[in-house]
Amino acid sequence: MTTFPTVDGLRALDEKHLIFCERLEDPLAFEQGQFHFSAKDNLCARDFQARAGSRVLKGYRPPFDATPIRRLKEIGGLLIGKTNMDEFGFGTFSTNSGFGIPRNPFDPERSCGGSSGGAAAAAALIPEHLALGVSTGGSISCPASFCGVVGLTPTYGRVSRWGLIDYGNSLDKVGLLTRTARDLERYLPVISGPDPKDPTSQAQPVLSMKGEVTSVAVPTEALADLSPEVTAAFGEALKELERNGVKVMEVTIPSLRYAIPAYYILATSEASTNLARYCGMRFGVMNQEFDQGFNDFFAQTRSEDFGPEAKRRILLGTFSRMVGFRNRYYIKALQVRQLIIREYNKVFEDCDAVLTPTMPFIAPRFDEIARMKPLEMYQADFLTVPPNLAGMPHVSLPCGYSGGMPIGMQAVGPQWAEGSLVSFARSWEESFHFRFPEVRA
Amino acid sequence: MKIGLEIHVQLPTKSKLFCSCSTSGSTPNSSVCPICLGLPGSRPFLNRQALEMGVLIAKFLNCKISDKVWFARKTYFYPDLPKNFQITQYDSPLGVDGHFMIGDKNVGIWRAHIEEDPGRIKRVGRSGEEVALVDYNRSGIPLVEIVTAPDLSSPAEARDFLTDLIIELRHLIDVTGAEQTMRVDANISVGEERVEIKNITGLRNVEKGLKSEANRQTKMLAAGKRIVRETRHFDEERGVTMPGREKEFEEDYGYIGEPDLGTYRIGALAASMTVPETPLVRAARLSEELGIGAQAARQIVLTDWALADLFEVLAAKVGAEAAMSWTMGPLSSSWKDLKEKVPELREDIVGIVTAVTSGKMTDSEGRMRISALSSGQEAAAAPAEDVGDLDALIVQLVDEHPEVVRDYKGNERAANFLIGQVMKATKGKYSSKVVAERMKKELGKKV
């Protein structure tokens with residue numbers, strides 16, 4: 001008998017793990033047995049502020065619901081809160097939030113992963129809960145892996161982005177984090193489908209929940225630079241899959257090594273334009289120094305309200321777009337994306353999914369993160385960035401544990417093949433026991 | 001002297017370019033939504049009508065139409081720009097490499113594309129306590145931008161070009177008030193280096209701004225000074241161009257593709273469109289086909305499109321010269337009243353003009369009848385050919401008025417009384433020429 005969610009229960013969890021940017025505090029809002037969900041703070045809902053983890057959006061209350069939120073409400077769902085995240089999705093550990101750093105459900109000294117860190121923690125800690133997450137370059141897979149939950153990132157264009165506060169529009173995808181694959185099967189069809197408010201959602205074929213994964217390809221490129229415990233757990237998982245009759249083959253996908261640089265150029269180029277609107281005109285705390293030129297006024301707001309990682313990505317992205325660099329970086333990155341899509345599709349001629357570990361290590365401790373350089377952090381995403389760059393659907397599943405911390409694996413499917421990934425997840429959870437943190441209400 | 005223009009004209013759609021807000025909001029900030037306000041999480045969708053108008057214009061300008069087009073983000077910070085980027089087209093305009101004729105001169109068109117307008121800044125309050133307010137009603141209004149080659153050789157020619165262009169566009173897509181709202185960036189070089197005059201509103205100001213800048217450059221060169229490549233603004237009150245304040249360096253807009261809108265294939269759309277005949281094209285055709293002067297043809301077409309229709313009908317019947325003198329004379333002077341009635345009265349008008357030119361009616365009679373038609377008098381139409389009823393009426397009147405017959409013997413003008421009676425009784429059914437002939441014939445019998 002679960003006692004969640006209650007206002008007190010959520011508050012207790014939030015105090016310990018800093019899951020939410022904002023949450024329901026009215027006990028009367030909860031109905032016993034009602035389906036409840038949370039949304040990453042970059043998804044707009046009328047009920048709460050939408051700040052995308054950024055101080056620049058403090059006090060911003062959207063006048064409309066994001067389409068996936070609206071669709072979940074329409075089937076009777078209760079939105080219980082907005083989950084904590086890296087500012088605008090910029091990060092791998094949710095340490096770049098303007099509203100506190102969420103703590104790993106298994107060990108509060110460790111990261112939840114990012115950028116959908118609060119969403120993964122909510123999924124792990126609250127039974128029967130569905131967390132809406134968003135992935136641009138791995139922001140669903142990574143925290144799903146670190147928090148030991150199931151994280152599905154649909155094909156780019158499968159779920160409407162209306163109401164999603166943009167990071168990189170050509171990469172952003174709304175997806176699901178839950179304890180069980182069954183919930184993916186249940187709720188993916190609800191949030192999917194064309195939406196006139198997002199033209200990029202209108203080209204999709206009808207979602208089919210059929211299909212299965214009988215063969216997986218493991219790219220050799222993915223097996224270098226892994227921590228020993230991840231290597232071991234992934235090896236065991238492959239054996240278990242083979243015992244279950246899944247054919248495992250090794251392949252090489254040489255272009256994967258270009259995914260990180262191409263991703264950071266495209267994502268930051270788009271981000272630097274998306275963030276231009278936050279300048280103190282209508283967003284951001286207006287300081288009182290109006291007797292200056294607008295450029296200085298804007299610069300002051302932006303200097304004060306953006307965190308260091310946001311500033312870094314604005315600078316990177318602006319640089320890549322400038323005359324003289326545009327062709328060398330931005331245009332070339334677009335070409336690399338096409339190359340990676342082609343190489344994936346080639347691999348999918350012979351198998352149903354590409355399988356790798358999700359992250360190269362278990363959730364790191366905050367003191368370890370503090371010592372990492374930005375480039376090391378970027379590099380940590382080398383397994384989650386490629387499918388995101390290519391817009392391919394992928395699912396991260398718990399596949400092992402080390403020292404009490406979960407380890408995840410990630411299956412990437414062809415475009416629009418979410419159905420076979422969900423069935424893969426369902427059969428995996430039948431053969432592998434998922435562990436969840438114990439929570440006292 | 002070389003002048004090239006970048007012309008922005010509003011497209012007359014009902015809703016904005018990327019949302020369904022009305023384009024005709026008047027109360028400030030009444031016609032806005034999350035999309036044109038650039039609220040986080042909103043995204044654009046394309047107004048198909050605006051795209052079609054843009055393609056039609058590109059086609060009219062004889063541009064090569066790209067099959068695949070997409071949009072771009074032009075990023076710059078300005079308080080009237082909600083997203084601090086403008087959605088426009090950069091590396092895939094609707095059309096490129098076109099041309100437009102002014103008279104016999106061919107002016108190259110480099111490109112035509114569509115884009116969204118920013119908001120509008122209004123400064124209010126007393127000097128020194130000025131406050132800038134932003135009205136976002138204009139944010140997202142669809143514009144077409146037309147960029148010419150530097151083929152114009154004087155400020156007057158630039159103005160002529162714009163005048164002609166607007167005449168054509170107004171017919172093509174029904175832009176009203178384009179003279180006032182048209183915004184132009186003008187590039188001008190007297191010597192080697194060019195200077196851009198930004199954001200001039202209205203035709204007269206374009207010419208004035210260019211003249212003043214041409215003078216400035218000429219004087220600089222005469223004084224042995226070098227022209228610096230820069231952006232200037234035209235100060236309408238003082239009539240001079242001033243250096244732009246903000247920019248010390250060439251602006252880099254850091255264009256990237258607009259990822260929310262995708263790619264549009266417009267090849268088939270463009271191929272399926274026929275460009276209707278525009279006023280100046282029509283004038284050129286009339287001039288050539290009918291051998292009338294270019295100015296006269298232009299005047300007819302520009303007076304009114306339907307008047308030109310009537311002219312073409314008349315010219316086919318009575319020849320260009322007569323058609324012209326009637327069109328530019330009696331018809332155009334009473335056109336205000338005639339215009340509405342022309343569909344029903346066309347036959348009558350053609351009949352009157354034909355009657356006059358074939359000598360069946362006097363010129364003044366014809367004019368009188370046209371004027372009667374325009375003021376709504378009945379039966380002012382072409383004279384009837386059958387004079388049977390007329391003769392009967394004349395016989396009757398002559399019998400009733402022996403005093404007139406008597407007077408007529410001494411003075412032929414006495415017949416005018418009876419002619420007037422007949423005209424009145426027949427309400428202009430017969431021409432006065434015919435009535436007079438028949439009346440004199442009848443009276444002659446009695447003498």
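**Where the two chains meet**

Begin by colouring the two chains separately, bearing in mind that this is a predicted model: 34 residues of chain A are in contact with 22 residues of chain B. On the side of chain A that touches chain B, the elements giving two or more residues are helix 7 (259-274), helix 8 (294-305) and helix 9 (308-321) of chain A. Sorted by class, that side of chain A has 20 nonpolar, eight polar and six charged residues.

**Helix 9 of chain A**

Next, select residues 308-321 of chain A, which make up helix 9. Helix 9 of chain A has 14 residues and reaches 20 Å from its first C-alpha to its last, close to the 20 Å expected at 1.5 Å a residue. Which residues of helix 9 of chain A are buried? They are A:Ala310, A:Arg313, A:Ile314, A:Gly317, A:Thr318, A:Ser320 and A:Arg321. If you turn the view to look down the axis of helix 9 of chain A, its buried residues fall within an arc of 160 degrees, so they line one face of the helix. On the other side of helix 9 of chain A you will find A:Pro308 and A:Leu315, which are exposed. Now show what the buried residues of helix 9 of chain A pack against: helix 7 and helix 10 (327-347) of chain A, together with strand 15 (256-257) of chain B.

**A buried proline**

Move on to A:Pro62, in the loop between strand 2 (36-40) and helix 2 (67-74) of chain A. Is A:Pro62 buried or exposed? A:Pro62 has 22 other C-beta atoms within 10 Å, and because a residue with 20 or more counts as buried, A:Pro62 is buried. Leaving aside neighbours within four places in sequence, A:Pro62 is in contact with residues of chain A, including A:Cys44 and A:Arg46, and with B:Leu39 and B:Gly41. Although A:Pro62 and A:Cys44 are 18 residues apart along the chain, their C-alpha atoms are separated by 6.0 Å.

**The sheet and domains of chain B**

Finally, select chain B, where nine strands form an open sheet in the order 2-6-7-10-1-11-12-13-14, with mixed pairing. Its edge strands, each pairing on one side only, are strand 2 (64-65) and strand 14 (240-243) of chain B. Within the sheet, strand 7 (residues 105-116) and strand 10 (residues 142-148) of chain B pair in the antiparallel sense over seven bridges, and B:His113 stands opposite B:Glu145 in strand 10 of chain B. To end, colour chain B by its domain assignment, which gives domain 1 (2-181 + 246-272), domain 2 (279-374) and domain 3 (388-446); the centres of domain 1 and domain 3 of chain B, taken over C-alpha atoms, are 70 Å apart.

Terms used. Residues are numbered from 1 along each chain as its sequence is written. Chains are lettered from A and ligands numbered from 1 in the order in which they are written. This is a predicted model: local features need pLDDT of at least 70, side-chain atom pairs count only at pLDDT 80 or more; totals for chains, interfaces and linings use all residues. Two residues are in contact if their C-beta atoms, placed from the backbone, lie within 7 Å. Helices (H or I, at least four residues) and strands (E, at least two) are DSSP runs, numbered from the N terminus. Ala, Val, Leu, Ile, Met, Phe, Trp, Tyr, Cys and Pro count as nonpolar, Asp, Glu, Lys and Arg as charged, and the others, Gly among them, as polar. The expected span of a helix is 1.5 Å times one less than its number of residues. A residue is buried if 20 or more other C-beta atoms lie within 10 Å of its own, exposed if 12 or fewer, and partly exposed in between; C-beta atoms are placed from the backbone. The arc is that of the directions from the helix axis to the C-beta atoms. Domain bounds come from an automatic or database domain assignment. Two strands pair if DSSP finds at least two bridges between them.
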